[in-house]
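Please find below some short notes on the model. They are set out as numbered points, to be read beside the structure.

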Amino acid sequence: MFNDIGPLELVTLIVLAVLVFGPDKLPKVIQDVTRTIRKIREFSESAKNDIRDELGPEFKDFEFEDLNPKTFIRKQLDNEDLGLKEIRNGFDLKKEMAEVTDAVHSRDADPSSASSAGSSGGRIDMTKKPETPAPDDRPPFDADAT
């Protein structure tokens with residue numbers, strides 16, 4: 001409940017409580033506050049149990065904290081049934097980016113494929129200028145273009 005209150009802030013609150021309520025009324029105020037907090041917690045637990053009873057046995061492991069979107073998404077991403085961890089671990093971004101860079105620069109990813117697929121490795125070199133045809137060669141004819 002007081003996770004974000006530091007020791008200096010806590011001392012300041014105690015000093016203010018003593019000044020506002022006085023040392024003679026402070027124990028009674030603390031009892032009233034703790035009693036109220038206890039009643040609120042009991043009411044909250046009772047409401048949660050009533051909702052679980054109304055939902056039925058298929059929701060017996062339902063947690064109200066799962067309604068928080070961050071908690072829900074984190075729980076779903078950590079779920080082993082989906083296999084997301086295998087996908088995440090199997091995906092190497094650096095390797096993929098290197099392959100894309102090599103493809104753009106028309107380099108082979110591994111040298112063994114170059115010998116089996118010819119000099120270009122089965123890829124078209126877009127940076128190479130087309131060869132100029134001989135003067136007596138006709139240009140290629142595209143029937144669909146005309």
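**Notes on the predicted model**

1. The chain has six helices and zero strands, in the order α-α-α-α-α-α along the sequence. Helices (H or I, at least four residues) and strands (E, at least two) are DSSP runs, numbered from the N terminus.

2. This is a predicted model, in which local features need pLDDT of at least 70, side-chain atom pairs count only at pLDDT 80 or more, and totals for chains, interfaces and linings use all residues. Residues are numbered from 1 along each chain as its sequence is written, and side-chain values use heavy atoms, with hydrogens and water left out.

3. Of the 146 residues in the chain, 5% count as buried (under 20% relative accessible area, with exposed over 50% and partly exposed in between; 1.4 Å probe, protein chains only). The accessible surface of the chain is about 13500 Å², and 60% of that belongs to carbon and sulfur atoms.

4. Among contacts (heavy atoms within 4.5 Å) between residues at least 6 apart in sequence, 5% join residues at least 24 apart.

5. Helix H1 covers residues 7-21 and includes Leu16. Leu16 counts as partly exposed because its relative accessibility is 45%.

6. Helix H2 (residues 26-55) has 30 residues, and at 1.5 Å a residue it should span 44 Å; its end C-alpha atoms are 44 Å apart, so the two agree. The expected span is 1.5 Å times one less than the number of residues. Gly56 follows H2 and has a positive phi, near 105 degrees.

Technical notes
Accessible areas come from the Shrake-Rupley method with a 1.4 Å probe; for residues, only the protein chains shown count as cover.
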